[in-house]
Amino acid sequence: MKRYNRDLRIAGGKLQSAQAVTRIRRARDFGLIPFREVVLTEDQRLDHLAFEYLGNSRWWWVLAGMSDVGWGLQLPAGTIIRIPTDITAIKTIVG
């Protein structure tokens with residue numbers, strides 16, 4: 001079973017798509033998504049940060065999109081990660 005098949009919104013392609021990431025980045029650039037910045041340490045991963053700040057590790061791709069990174073689970077320490085402070089804004093933008 002693939003990692004995202006369990007979540008119907010993600011499995012259906014509505015979330016974690018190129019279009020969703022493009023919408024998130026555009027909204028971020030226009031100041032529509034409030035966010036904080038965190039500098040990764042050696043032992044941190046995006047899925048861990050997503051769980052810590054957003055309450056769900058499956059939202060790691062939102063952090064990757066907000067931070068302009070590709071594959072987000074293998075980032076070097078020192079990478080600046082943008083974390084939305086209101087996940088409702090993301091849900092509204094993605095649909």
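In which hand, left-handed or right-handed, does α2 pass α5? I find that α2 passes α5 in a right-handed crossing; a crossing is right-handed if the near helix is turned clockwise from the far one by less than a right angle, and left-handed if anticlockwise.

I note that this is a predicted model, where local features need pLDDT of at least 70, side-chain atom pairs count only at pLDDT 80 or more, and totals for chains, interfaces and linings use all residues. Residues are numbered from 1 along each chain as its sequence is written, and side-chain values use heavy atoms, with hydrogens and water left out.

Geometry. I looked up the axes (lines fitted to C-alpha atoms over the stretch in contact, angles from 0 to 180 degrees between N-to-C directions). Those of α2 (residues 18-29) and α5 (residues 87-94) come within 9 Å and cross at roughly 125°. That makes α2 oblique to α5, since oblique covers what is left after under 35 degrees (roughly parallel), over 145 (roughly antiparallel) and 65 to 115 (roughly perpendicular).

Contact (heavy atoms within 4.5 Å). From α2 I list Ala 20, Arg 23, Ile 24 and Ala 27; from α5, Ile 90, Ile 93 and Val 94.

Whole chain. I read five helices and two strands, as DSSP runs (H or I, at least four residues; E, at least two). From the N terminus on, the order is α-α-β-α-α-β-α. Of the 95 residues, 40% count as buried, meaning under 20% relative accessible area with a 1.4 Å probe, protein chains only.

Notes
Buried means under 20% relative accessible area, exposed over 50%, partly exposed in between (1.4 Å probe, protein chains only).
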